[in-house]
Amino acid sequence: MKGTFGGKMLNRRSALVGFISCFCFSSTFLSGGIVAASSHDPLLGSARVVFQTNYGDIEFGFYPSVAPKTVEHIYKLVRLGGYNTNHFFRVEKGFVAQVADVASGRSAPMNEEQRREAEKTVIGEFSQVKHVRGILSMGRHEDPNSAASSFSMLLGDSPHLDGQYAIFGKVTKGDETLKALEELPTRREGIFVMPTERITILSSYYYDTEMESCEHERSIMKRRLAASAIEIERQRMKCFP
């Protein structure tokens, strides 16, 4: 009897833990990993990227429903480590902090896969999303389909850019770092306002907010299930010593 009862307990517990895992995976998969930002913002994906600079960290997320091809391209470059040792070549207070093109802005050499992705261009995924502080907007040449890997983090509202440049995400943490960048000494070269010191992206990493939340919830549920199993076994032993 003891062995049979214990076997049923373990099977039921395993099934519940399995259900929790499947639920977390299915929730992320069915929603496309996308969560709502606010009533007037686009849907923000669950992926987060962190640029670790010599002036602090900047975290940002993506708008996969607004610019899917751009998001895929930039995220792949991040995963390949393409932005590591790159820099912000332009910082204009109240306007933009612009990341240099990966193909020419890195201090470290690129491997073949990084170079292949960095040299790709993306079609212009222009949208109705507004250029406000914190928005990520692709750089490009005159050709609307010439965006590669350079992009700007908006340091202020810039409505004259709306519909002209592809918005693909926004800064989610690190506004204090952006403010620090705005206060750095600059010089003007043609149309660009550039920092006098190199603002290096020392390294970068990425994570998924949905998966982190799911792991936390699953850990709590596992502990509750374990506690329940112990209590049921204790009650059983009282009834069947």
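Student: To start, how many bridges join β3 to strand β12, and in which sense do the two run, parallel or antiparallel?
Tutor: Please keep in mind that this is a predicted model. Seven bridges join strand β3 to strand β12, residues 199–208, and the two run antiparallel.

Student: Which residues stand opposite each other there? Take Val50 and Phe51.
Tutor: Val50 faces Tyr205 of β12. For Phe51, the bridge partner in β12 is Ser204.

Student: And what about β3 and strand β4, over how many bridges do they pair?
Tutor: β3 pairs with β4, residues 56–62, over six bridges, in the antiparallel sense. Within that pairing, Val49 has Phe60 of β4 as its bridge partner.

Student: How many residues lie between β3 and β4 in the hairpin?
Tutor: Two residues lie between β3 and β4 in that hairpin.

Student: What holds strands of a sheet together in general?
Tutor: Strands of a sheet pair through backbone hydrogen bonds, and the arrangement may be parallel or antiparallel.

Student: Why is β3 described as largely enclosed by the rest of the structure?
Tutor: Strand β3 covers residues 47–53, and six of its seven residues are buried, so the rest of the structure largely encloses it. Buried here refers to a relative accessible area under 20%.

Student: Zooming out, in what order do the eight strands close into a barrel?
Tutor: The order is β3-β4-β9-β7-β8-β6-β5-β12, with antiparallel pairing. On average, neighbouring strands of this sheet are turned by 35° against each other, direction ignored.

Student: Which strands does helix α5 lie across?
Tutor: Helix α5, residues 175–182, lies across β3, β4, β5, β8, β9 and β12. Relative to β4, helix α5 runs at about 120°.

Student: Changing topic to the aromatics: how many aromatic pairs does the structure hold?
Tutor: There are eleven aromatic pairs in the structure. One of them is formed by Phe51 and Phe151, whose ring centres are 6.3 Å apart and whose planes are at 35°, so this pair is tilted. The pair links distant parts of the chain, with Phe51 in strand β3 and Phe151 in strand β8, 100 residues apart.

Student: Are those two buried or exposed?
Tutor: Phe51 is buried, and Phe151 is buried as well.

Student: What kind of pair do Phe151 and Phe168 form?
Tutor: Phe151 and Phe168 form an edge-to-face pair, with 5.3 Å centre to centre and 90° between the planes. Phe151 belongs to strand β8 and Phe168 to strand β9, so the pair ties together parts that are 17 residues apart in sequence. Both of these residues are buried.

Student: Which residues form the aromatic cluster?
Tutor: One aromatic cluster is made up of Phe51, Phe60, Phe62, Tyr75, Tyr83, Phe151, Phe168 and Tyr206.

Student: Over the face of which residue does Arg140 lie?
Tutor: Arg140 lies over the face of Tyr165, at 4.8 Å from the ring centre.

Notes
Residues numbered from 1 in each chain as written. Predicted model: local features only at pLDDT ≥ 70, side-chain atom pairs only at ≥ 80, totals over all residues. Heavy atoms only, no water. Buried < 20%, exposed > 50% of the residue type's maximum accessible area, 1.4 Å probe, protein only. Helix = DSSP H or I, 4+ residues; strand = E, 2+ residues; numbered from the N terminus. Pairing = 2+ DSSP bridges. Axes fitted to C-alpha atoms, helices over the stretch in contact; angles between N-to-C directions. Contact = heavy atoms within 4.5 Å. Phe/Tyr/Trp six-rings, centres within 6.5 Å; stacked < 30°, edge-to-face > 60°. Lys NZ or Arg CZ within 6 Å of the ring centre and 35° of its normal.
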